[in-house]
Amino acid sequence: MDTLPFTDDDIVHLCQHYRVLQLPLLSHELSGRRVVRLSDGIIVKFGLGVTQQEASAQQLASKHVDRDVLRIPQVYRFFERPDSLFWKAGCRGSDPGADGLGATRNVHTRRRGCERD
Amino acid sequence: MSIRVVAAVNAINSISSKDPGPVSGGVAHHSLWSENGSGMTFRHVHHLEVYLNQRLSFFQRETHIREEDLRLCHMDVAPRNFMIDPQGRLYLLDWATAGFFPRYFELWAIEFTQTVLGKSFGPEMIQNLGATPEEMAELETLTLVYRYNSRFTGYETNKHLSPSPRELKNNDDDDDENDQKLTKLGDIKTTKQISLWQALPIRAILQPLRIPRAIRLASYRALREPGPWNS
């Protein structure tokens, strides 16, 4: 296990409230997969479509590719949270999770409004 | 810069493996595999070959993949995924589509991205990567796979690929062959066909039976207002 100063729950909290906590968003504002800087040298990529496949590919490549030729950010941790708000809202999607550090499902949900007569 | 990018891509492509597809297994994601990903896990190089040949059979084409050709392919080599830090070191990000495939998959992905973006990445990147004539020929077959996947999605893909149980019953001669085919195809998700009635929400079906809004409102109003029946 990595030696990051964050637990999974910490990361989930930081991802959910990055706007309030004023953490710098490195990805595009409207992107489904968001990248947020947690501290110096540690970033988290989270949202639907962040997969285990991506994390393991990046991990393998960063281990085997010569650092003088090309640098690939090291993956510290990957985890999935299927029990976040997004899931409860009944939205389905591809595998959630993250790399870079950890991840949650995207918590920004759109609830279906009740139709009125 | 171009030299450094080419060296970087070559360094990635020098990593090899016997297992095709994404590093941790599972469904591969890229435009090549249609919107929902490859829909199957490539557990053996044979599975990947079957997947490609199923699609290529539509164009009366065929391809062959050798295990030793499998290399790590990033599959999204594009200017937007490269970064340079203040010390001038080169970084490559976004490994969502990466996996072990023959190297011409990487070349195809570069060509595809260039086509989509409508601009070239430096001078003749594919030639600088040292593509062999065989690889250049395979690029065309991958384009056919891409064309197939973009043309036939959802139900139609499965209709073309999986023989129906009735079809299988008719050909008693090559039962074993069909069984094999079925197990091969077993990995591909079959989507259940549903009728129009099942697809419609119940409200839509009942809509024509509803009392028109104007009459409903008028009757409510009539009930509320004093009239000969409640005065």
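The expected span of a helix is 1.5 Å multiplied by one less than its number of residues. In this predicted model, helix α2 of chain A, residues 52-64, meets that expectation closely: its 13 residues reach 18 Å from the first C-alpha to the last, close to the 18 Å expected.

**Chain A and its helix α2**

Chain A contains three helices and three strands, and from the N terminus on its elements follow the order α-β-β-α-α-β. Of the 117 residues in chain A, 38% are buried. Among contacts in this chain between residues at least 6 apart in sequence, 49% join residues at least 24 apart.

Helix α2(A) is mostly covered, with 10 of its 13 residues buried. The buried residues are Q52(A), Q53(A), E54(A), A55(A), S56(A), A57(A), Q58(A), Q59(A), L60(A) and A61(A). K63(A) also belongs to helix α2 of chain A, but K63(A) is exposed because 11 other C-beta atoms lie within 10 Å, and a residue with 12 or fewer counts as exposed. K63(A) lies 8.0 Å from Q74(A), C-alpha to C-alpha, the two being 11 residues apart in sequence.

**Helix α2 of chain B**

The helix α2(B) has 12 residues and reaches 16 Å between its first and last C-alpha, close to the 16 Å expected. Its buried residues are V45(B), L48(B), Y51(B), L52(B) and R55(B). Seen down the axis of α2(B), these buried residues fall within an arc of 125°, so they line one face of the helix. In an α-helix there are 3.6 residues a turn, so residues three or four places apart point the same way. The cover over the buried residues of α2(B) includes β1 and α5 of chain B.

| Helix | Residues | Span, first to last C-alpha | Expected span |
|---|---|---|---|
| α2(A) | 13 residues | 18 Å | 18 Å |
| α2(B) | 12 residues | 16 Å | 16 Å |

T141(B) is placed in helix α5 of chain B. T141(B) counts as partly exposed because it has 19 C-beta neighbours inside 10 Å, whereas a buried residue needs 20 or more. T141(B) and L52(B) are 89 residues apart in sequence, yet 8.9 Å apart in space, C-alpha to C-alpha. Leaving aside neighbours within four places in sequence, T141(B) is in contact with L56(B), R61(B) and T63(B).

**The contact between the chains**

In the contact between the chains, 19 residues of chain B meet 17 residues of chain A. On the side of chain B that touches chain A, the elements giving two or more residues are α1 (2-13) and β3 (90-92) of chain B. The largest share of that side, four residues, comes from α1(B). Its residues divide into 15 nonpolar, three polar and one charged.

**Nonpolar cores**

The largest nonpolar core has 40 residues, and those with the most contacts inside it are A61(A), F105(B), W108(B) and A109(B). At least two residues of this core come from each of α2 of chain A and, in chain B, α1, α2 (45-56), β1 (70-73), β4 (99-102), α3 (103-117) and α5 (133-151). The element that gives the most to this core is α3(B), with seven residues. Leaving aside neighbours within four places in sequence, A109(B) is in contact with H30(B), M75(B), D76(B) and V77(B).

Conventions: Residues numbered from 1 in each chain as written. Chains lettered and ligands numbered in written order. Predicted model: local features only at pLDDT ≥ 70, side-chain atom pairs only at ≥ 80, totals over all residues. Contact = placed C-beta atoms within 7 Å. Nonpolar A, V, L, I, M, F, W, Y, C, P; charged D, E, K, R; others polar. Core = buried A, V, L, I, M, F, W, Y, C linked by C-beta atoms within 7 Å. Arc of directions from axis to C-beta.
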